[in-house]
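Please look through the sequence and the model together, and keep both at hand while reading.

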Amino acid sequence: MGFAPSKRRRGSRQHVSTELPIIPFINLFMCIVPLLLVAASFQKVSILSLFLPTVEEASISVPSPGSDMRDFTLAVVVSTTELSLRKDDKVLLRSSILGGNKMDLPALAAKLAEVKAASSWKRDIILMVDGAVLYDTIIQVMDAVRGEGAQELFPDVSLADRVVEVR
Amino acid sequence: MATGHFPSQRGSRKRKKPLEGGLILTSLLDVFVLLVFFLLKSYSAEGVILTLPNDLVLPASTSLTAPRVAVQVMLTEAFLQVDGVGLDVDLRAVETGNEMLIPPLLDHLKALASQYQAIAEQNQTVTFTGDLILAGDRNIPFRLLKKILYTAGQAGFINQSLAVYQKGG
């Protein structure tokens, strides 16, 4: 009887594989990963449309009743040293640009939000830029002027040359 | 010596766990799953419309508008390209000069515009909208930028857009 292997030992030797078949998964991933790598774009490019008012469009902007009906020209003047917001001939905000690139854009956005609240039909704004101002700075100001997400300020941005004031 | 108290050498060797020779694939699978999710996040179905040269760094913006198919003008301080074709323009002289028009750019864009208009005449489904995307380096000054935009406008490309990098994208 001592030579006969016990039933218990024989049972433990039977291996039931509980592992998942991983190799097919890996095969699948090996196909998906290169496919996605080819189609991935890590730095997304988007565009900012410029607004060019035409003669026909200039007369279309109809103010809604109940708001400030009179149309006005809103302009942000950007030079290398100063950033100012003008409504017709009146200067609403004036801030100096420190160290070339440090602009007080939140203050500009806050002031623009005030103007927008008073006349919500207004969509266009002119950016009057000095020749020496860098493209990067223009885009930053355009972002502030357009507003972000739900709080849309003035999305129709036109670019113009800054007229040097003669005093 | 009673053999029952001391397990034989043979018996103990049999009870030892057999050495596994396979690779550990679970961790590899984890890596793949993470990689797939990361790549799915940055997946873009429309492909790359703008292919930028290495030395052109666009400014970053919060704009989310996707670029459309249009005539592409690439501008840095060193070169000017229209749809991948380099133009022989002395940008330093253009920047400092008083002339608003850039003649080589104007001629090239006018030729492109007339080409598109000819196609639009032949094919009713195509219309010439005057779309133009300007991909300018972040360090170019406005006095150069405005001359490019002005020249493009004079050539009939009035639907102008500026290419930017998406912030946080």
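In chain B, residues 24 or more positions apart account for 69% of the contacts with a separation of 6 or more, where contact means heavy atoms within 4.5 Å. This is a predicted model, in which local features need pLDDT of at least 70 and side-chain atom pairs count only at pLDDT 80 or more, while totals for chains, interfaces and linings use all residues. Residues are numbered from 1 along each chain as its sequence is written, chains are lettered from A and ligands numbered from 1 in the order in which they are written, and side-chain values use heavy atoms, with hydrogens and water left out.

Chain B has five helices and six strands, and from the N terminus on these elements run α-α-β-β-β-β-α-α-β-α-β; helices (H or I, at least four residues) and strands (E, at least two) are DSSP runs, numbered from the N terminus. Of the 169 residues of chain B, 40% count as buried, a word that stands for under 20% relative accessible area, whereas exposed stands for over 50% and partly exposed for what lies in between (1.4 Å probe, protein chains only).

Helix α4 of chain B covers residues 103–122, and its 20 residues should span 28 Å at 1.5 Å a residue, which agrees with the 29 Å between its end C-alpha atoms; the expected span is 1.5 Å times one less than the number of residues. Within α4(B), the residues L105(B), L106(B), L109(B), L112(B), A113(B) and A120(B) are buried. Seen down the axis of α4(B), these buried residues fall within an arc of 135°, so they line one face of the helix, the arc being that of the directions from the helix axis to the C-beta atoms. The buried residues of α4(B) pack against β2 (71–75), β3 (80–82), β5 and α5 of chain B, while Q115(B), E121(B) and Q122(B) are exposed on the other side of the helix.

Chain A also has a helix α4, made of the 14 residues 105–118, which reaches 20 Å from its first C-alpha to its last, close to the 20 Å expected at 1.5 Å a residue. Its buried residues are L105(A), L108(A), L112(A), V115(A) and K116(A). Viewed down the axis of α4(A), they fall within an arc of 100°, so they line one face of the helix. Their packing partners are β2 (74–78), β3 (82–87), β4 (90–96), β5 (124–129) and α5 (135–146) of chain A, and the face of α4(A) turned away from this buried side carries the exposed residues P106(A), E114(A) and A117(A).

The next subject is the contact between the two chains. Chain B contributes 52 residues to it and chain A contributes 41 residues. Between them the chains bury about 4200 Å², 67% of it on carbon and sulfur atoms; buried area is the accessible area (1.4 Å probe) that two parts lose on being put together, summed over both. In chain B, L39(B), F142(B) and L162(B) lose the most area to chain A, together 17% of what that side buries.

Side chains of opposite charge can pair when their charged atoms come close. Here a salt bridge is a side-chain nitrogen of Lys or Arg within 4 Å of a carboxyl oxygen of Asp or Glu, and the count over all chains comes to nine, with two found across the interface of chain B and chain A. R138(B) meets D136(A) in a salt bridge with an N to O distance of 3.1 Å. Another joins D161(A) to K146(B), whose closest N and O atoms are 2.5 Å apart. Because D161(A) lies in strand β6 (residues 156–161) of chain A and K146(B) in helix α5 of chain B, this pair joins two chains. D161(A) counts as partly exposed at 35% relative accessibility, and K146(B) counts as buried at 17%.

Other salt bridges lie within a chain. The side chains of R143(B) and E95(B) meet in one at 3.1 Å, N to O. That pair links distant parts of the chain, with R143(B) in helix α5 of chain B and E95(B) in helix α3 (residues 91–96), 48 residues apart. In chain A, D124(A) pairs with K122(A), the closest N and O atoms being 3.6 Å apart; D124(A) is partly exposed, with a relative accessible area of 27%, whereas K122(A) counts as buried at 1%. Finally, R123(A), E152(A) and D156(A) are linked in a network of salt bridges.
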